[in-house]
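Hi,

Here is the structure I promised to pass on to you. Have a look at it first, and then read my notes below.

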Amino acid sequence: MSDPNFPPQQYPNPSQSQRAQYDQPRQQVYQQPQYTQPQANPYATGQQYAQTPQYGQPQYQQPQYAQYQYGQRPYVNPQPADTGSFGWAVLGFFFPIVGLILFLVWKSEKPVSAKQAGMGALASVISTVVLWILLIVFAAMVGSAVTY
């Protein structure tokens, strides 16, 4: 069966001389490369790189520290002051989760600001609980006052 859209391909029939050429392995001839004398390195003039390495413990030198004069101190980057502003309490009040996270993160680094943020979060939680209790009491009073 052959496909009418694709005619069969005709492969040429190799002759005897071509067949004999492919049947025999080819011998490759390798030649020794010709080497010349190494040339001198122009960058290594006057230096001996072929010396034997020196083994042993390297010589340690004490680092020289700066000597400051009397009353003169080196510059130290000042840390920002931990003022504990009221803004952290306001932030903690309106976003109690943020206030709690800031309290836990800052309690050792910035204790005054951490206390403000924590107090704002605590005030928010306490006021929310008190409002819910008042709402439940008010709803109970209104519900009992209704007559049928």
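**Where two helices meet**

Let's start with a pair of helices: the axes of α2 (residues 86–94) and α4 (residues 111–145) come within 7 Å and cross at roughly 35°. Axes here are lines fitted to C-alpha atoms, for helices over the stretch in contact, with angles from 0 to 180 degrees between N-to-C directions. On the α2 side, the contact (heavy atoms within 4.5 Å) is made by Trp88, Ala89, Gly92 and Phe93. On the α4 side, the residues include Gly120, Ala121 and Ser124. The contact residues divide into six nonpolar, six polar and no charged (nonpolar: Ala, Val, Leu, Ile, Met, Phe, Trp, Tyr, Cys and Pro; charged: Asp, Glu, Lys and Arg; polar: the others, Gly among them).

Before going on, please keep in mind that this is a predicted model, where local features need pLDDT of at least 70 and side-chain atom pairs count only at pLDDT 80 or more, while totals for chains, interfaces and linings use all residues. Residues are numbered from 1 along each chain as its sequence is written, and side-chain values use heavy atoms, leaving out hydrogens and water.

**Aromatic rings**

How many aromatic pairs does the structure hold? There are two. Rings of Phe, Tyr and Trp (its six-membered ring) pair if their centres lie within 6.5 Å; planes under 30 degrees apart are stacked, over 60 edge-to-face, and the rest tilted.

Trp88 and Trp106 are edge-to-face, 4.7 Å centre to centre with 85° between the planes. This pair links distant parts of the chain, with Trp88 in α2 and Trp106 in helix α3 (residues 96–106), 18 residues apart. Phe93 and Phe94 have their ring centres 5.3 Å apart and their planes at 90°, so they are edge-to-face too.

Buried or exposed? Trp106 is buried at 13% relative accessibility, Trp88 is partly exposed at 29%, and Phe94 is exposed at 58% (buried: under 20% relative accessible area; exposed: over 50%; partly exposed: in between; 1.4 Å probe, protein chains only).

**The whole chain**

The protein has four helices and zero strands (DSSP runs numbered from the N terminus: helices are H or I, at least four residues; strands are E, at least two). Buried residues make up 9% of the 148 residues.

Cheers
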